Amino acid sequence: MSAAAGSRDRDSSGGSHLDSLRPNGKGLFVDQSSRGQDKPENLLTRQTKSKLEITDMVRSCTITVSDKAHILSMQKFGLRETLVKSLLMQKEEDYTYIQNFRFFVGTYNVNGQSPKECLRPWLSHGIQAPDVYCVGFQELDLSKEAFFFHDTPKEEEWFKAVSESLHPDAKYAKVKFIRLVGIMLLLYVKQEHAAHISEMEAETVGTGIMGRMGNKGGVAIRFQFHNTSICVVNSHLAAHTEEYERRNQDYKDICSRMQFSQVDPSLPPLTISKHDVILWLGDLNYRIEELDVEKVKKLIEEKDFQTLYAYDQLKTQVAAKAVFEGFTEGELTFQPTYKYDTGSDEWDTSEKCRAPAWCDRILWKGKNITQLSYQSHMALKTSDHKPVSSEFDIGVRVINEELYRKTLEEIVRSLDKMENANIPSVSLSKLEFCFQNVKYMQLQVESFTIRNGQVPCQFEFINKPDEESYCKQWLNANPSKGFLLPDSAIEIELEIFVTKNMATKLNSGEDKIEDILVLHLDRGKDYFLSVSGNYVPSCFGSPIHTLCYMREPISDLPLETVRKLTLMPLWTEDDGSQLENPMEIPKELWMLVDYLYRNAAQEEDLFQQPGRRLEFEQIRDCLDTGMIENLDTLSLSNHSVAEALLLFLESLPEPVICYSAYHNCLECSGNYTASKQVISTLPTFHKNVFHYLLAFLRQLLKNSEKNHLDENILASVFGSLLLRNPAGQQKLEMAEKKAQEFIHQFLCNSP
C-alpha cells in the first residue's frame, strides 16, 4: 500500500456501504453463489431492480456485478477473457453513449478548527442538486496526537457537518471516505446512482518530513461510474512562499506513488494518470510572488485579479510544465482564499502578516468536462482559509445494453475461430542492463520495449527457484506484469532505488548490484534479463561504530576496507588490530549537527518541514566525500539538512539505542534514574552519540520562542529513530508513546 501509516480508509458510516461493490454500472445483478458457474458468453441477461431493492442491496453489501468486461477479466477465466476485456475496451464507442452528470467539488483548509457554522453556503446554496459530491479537507486536526498517532475526533465532527449540509432536494449515499492525518476526502452520490459505482479504491501518500509523514501529501479515491473511470485527489502541499520547488516535488511524488490495486490480480496497479477523468483539489499552497503585501492587497481591493494572477506561482509552474501538465483550471474571479484572521474577512493581522494567496485550488483533466462555476465562499469564517467549490458537468460513458450484447457476441465468435495451438512470442529491445554508480536514495531508471507477435499474451516477471520475489529489494520492474494484444508493444522501466533496508549489505559486499530477471509468457517461453552495476558506498546505512573507525571519508577508502569495517562486530574493542584512534562520534553526524547548530537553531518548523530531494543528494555527497566546506557554500535549506539528519539516523542498521536495550527502555520510560542506567550500558560509540544528540536537542529548546519547538515535538520526532522497534516486531501505538516518553525524560532533565 502506498499510504503512509495511520491513514483511514472506510466505506459509509451511517450511510450506504459500497466498499465491497464490484464493477457494475450497467444494472446486471449476479448472484454470488452462481457467478463462477456462468460462462462469459452466457452473461448477457440484464435484470432490473427497483430503486428500493438497489438501495437495500447496497446497504447489505451484496455484490452487484454488471460490468461483463470485469467478470471476464477475473483470474479464473484466464487469458481468453482478458483478451475479451481488452477488445471490449477498444470497441467502447460502439456500445456506449455520453450522458452528463453534475459533480460538486469542494476544498476547505479548516486550520484545525471544529465546525462552528452550517456548511450549506458552501455545499448546497444556490445550486442544482449534484449527482456526485467530492469534498476535501486539509488541516483537519493540527494537534501532535493527530500528527503522530493519527486519531482525531475532528474526523467525525466534519463528516457530520458535511452530511447535514448536502443538497436537501436529493438523498445521498456516502460511498467512500479516506483520511491521512489532517487530509480527508469524502465521496457521496445520489442514491439512485449507487448501483452504477464500482471498482472503488482509496489510497494515501505522505510527503512530509522523511518523505512519509502525513502532515503533507495526498489522498485519493478512484472508481468506475458507469463505464468511465474517475480519480479524485485531495492534496496538501508544502508551505511557505519560497518552497514552490518542494510543492512541485510533492505533486510528482503523489503522482508516482499513488497506486490503486486492480480487481484482476494479473494487471498492474493503476496510477492517477490512468483514468478518464481526474479531479484534483486541495490546499496546493502556491503563493503570489514578486509583489509586496500592500501591492497584493491593493490589486485585490481593485478586483484586478487578472494582474494579480500573473504573479501566481501555480500559473508560472504550470506554464513551465513543472506540474499539472495537461490539467485545466478555471478563471480565478474571486479574491485569494488565504490568509484571514479567524472569524472574520480581514486579512492576516498577526506578526507574520502573510500575503494573501490563492492557496486553495481545483483543477481537472479529461474529456467531456464543462466547468459551470468556480468560486470561494466568504460567508464561512471558521478558518484562516475560505472554502472553494466548483461545479462540473461531466460526460460519462453509459452502456447501451443491446449494442453491448452484440459487440460481446461478435468478439466471442471471432475468438472461437482462433487456434489455441498458437504459441505467443515476443521480442525484447534489450536483455542486458548496467547501472553505473548507484547511490543511496537516488533513483536510476533503464527502459526496454516488449513487442508482441501475432498471438495475444500475458507476461509476468516470475520468482526464481527458492526466492520470495522476482527481483532483489533494490530493483523494481514497472509494470511487472500485463497483457499484450497482437502486434502491440509496451515499455517496461527497470528502477533501482537503494534505501536503508539494503544499503548496509551493499556497503559490506554481502549484496551487489547483480540480478537476473525471468520474464514469463503465459503458454510461452521465458526470457532472461541481466542486471548489473556498481554501488557507491555511503555513510547512510553504515553502523555507528564503523563510521567511528573511518577517519577518512568513506569515498576515499578502498572497497575492501569499507567491507571489513562494515562487517566488524558491534562490541569490538580497540585492541590495536583495527584502525587506530577511533573518533568518539561519526564525523558525518558531527557535520550535520554542527551545520544545524550554526545555521538553524532558530528555524521555524525544524524537523517538521520536509527538505528538497536534490539538496539531500548534495548533502549525502558532501558527507561521503568529507567536503564539509561545501555544506556552507551550497546555499542549502535548513530543512534539507535537518531531514538528512533524520534520514541518517533512520538508516543506521543498529539504532542509537541498540535493539537489545529496547524493551528495558520501554519498561523504565517513567523512571529517569533507571533510564540513565540503561543508557550507560550501551556500547561506547552509541552512548556517545545519544548524549551528543540530546545535548544538541536541548540547545534547540533554548530557542523555542523562535523555532517553536518543544519537548513533545522533539520526543515525537526522535523517539522512533533513537529507540527503534526490533526488526520484525509489530509496531504498536503504546510502544511508540513509551519510546517518546523515554526520550522526553532526557530532554527535560540535564545530564
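Visitor: Where does S389 lie, and what makes that stretch a strand?
Guide: S389 lies in strand β14, which covers residues 388-399. Strands are DSSP runs of E, at least two residues long; helices are runs of H or I, at least four long; both are numbered from the N terminus. The model is predicted, and its residues are numbered from 1 along each chain as the sequence is written.

Visitor: Why does S389 count as buried?
Guide: Buried means under 20% relative accessible area, exposed means over 50%, and partly exposed is in between, with a 1.4 Å probe and protein chains only. S389 has 2% relative accessibility, so S389 counts as buried.

Visitor: What makes the link between S389 and H377 a polar contact?
Guide: A polar contact is a pair of N or O atoms within 3.5 Å. Within protein, one atom must be able to donate a hydrogen and the other to accept it; residues adjacent in sequence count only if both atoms are side-chain atoms. The side chains of S389 and H377 make such a contact at 2.7 Å.

Visitor: Which residues is S389 in contact with, leaving aside neighbours within four places in sequence?
Guide: Contact means heavy atoms within 4.5 Å. The partners of S389 include F104, W122, I362, Y374 and H377.

Visitor: How do you know where the buried residues of α22 sit around its axis?
Guide: Helix α22 spans residues 672-680, and its buried residues are Y672, S675, V678 and I679. They cover an arc of only 115°, which puts them on the same side of α22. The arc is that of the directions from the helix axis to the C-beta atoms. An α-helix has 3.6 residues a turn, so residues three or four places apart point the same way.

Visitor: What does N671 reach at the start of α22?
Guide: A side-chain oxygen of N671 comes to within 3.2 Å of the backbone nitrogen of T673.

Visitor: How many cavities of 30 Å³ or more does a search of the whole structure find?
Guide: The search finds 1. A cavity is a set of points, on a 1 Å grid over the protein atoms alone, where a 1.4 Å probe fits but cannot get out. Grid points are joined across faces, edges and corners, and the volume is the space filled by probe spheres set on the points. The largest cavity holds about 50 Å³.

Visitor: Which residues line the largest cavity, and what kinds are they?
Guide: Lining residues have an atom within 4 Å of a point. Here they are E199, E201, R222, S261, Q262, V263 and L270. Ala, Val, Leu, Ile, Met, Phe, Trp, Tyr, Cys and Pro count as nonpolar; Asp, Glu, Lys and Arg count as charged; the others, Gly among them, count as polar. The lining divides into 2 nonpolar, 2 polar and 3 charged.

Visitor: Why is P655 called buried?
Guide: P655 has a relative accessible area of 0%, so P655 is buried. P655 is in the loop between α20 (638-651) and α21 (662-667). P655 and L722 are 67 residues apart in sequence, yet 5.9 Å apart in space, C-alpha to C-alpha.

Visitor: What makes Q602 partly exposed?
Guide: Its relative accessible area is 48%, so Q602 is partly exposed. Q602 is in the loop between α17 (587-599) and α18 (613-625). Beyond residues up to four places away, Q602 touches N703, K706 and N707.

Visitor: Why does K321 count as exposed?
Guide: K321 has 57% relative accessibility, so K321 counts as exposed. K321 also has a positive phi of about 60°, although K321 is not a glycine.

Visitor: Does R523 count as buried or partly exposed, and why?
Guide: R523 has 41% relative accessibility, so R523 counts as partly exposed. R523 too is not a glycine, and its phi is positive, about 65°.

Visitor: What kind of peptide bond joins Y338 and K339?
Guide: The bond is cis, with omega about 5°. The bond from N478 to P479 is cis too, with omega near -5°.

Technical notes. This is a predicted model: local features need pLDDT of at least 70, side-chain atom pairs count only at pLDDT 80 or more; totals for chains, interfaces and linings use all residues. Side-chain values use heavy atoms; hydrogens and water are left out. On a 1 Å grid over the protein atoms alone, a cavity is a set of points where a 1.4 Å probe fits but cannot get out, and a pocket is an open set with protein on both sides within 12 Å along at least five of seven lines; lining residues have an atom within 4 Å of a point.
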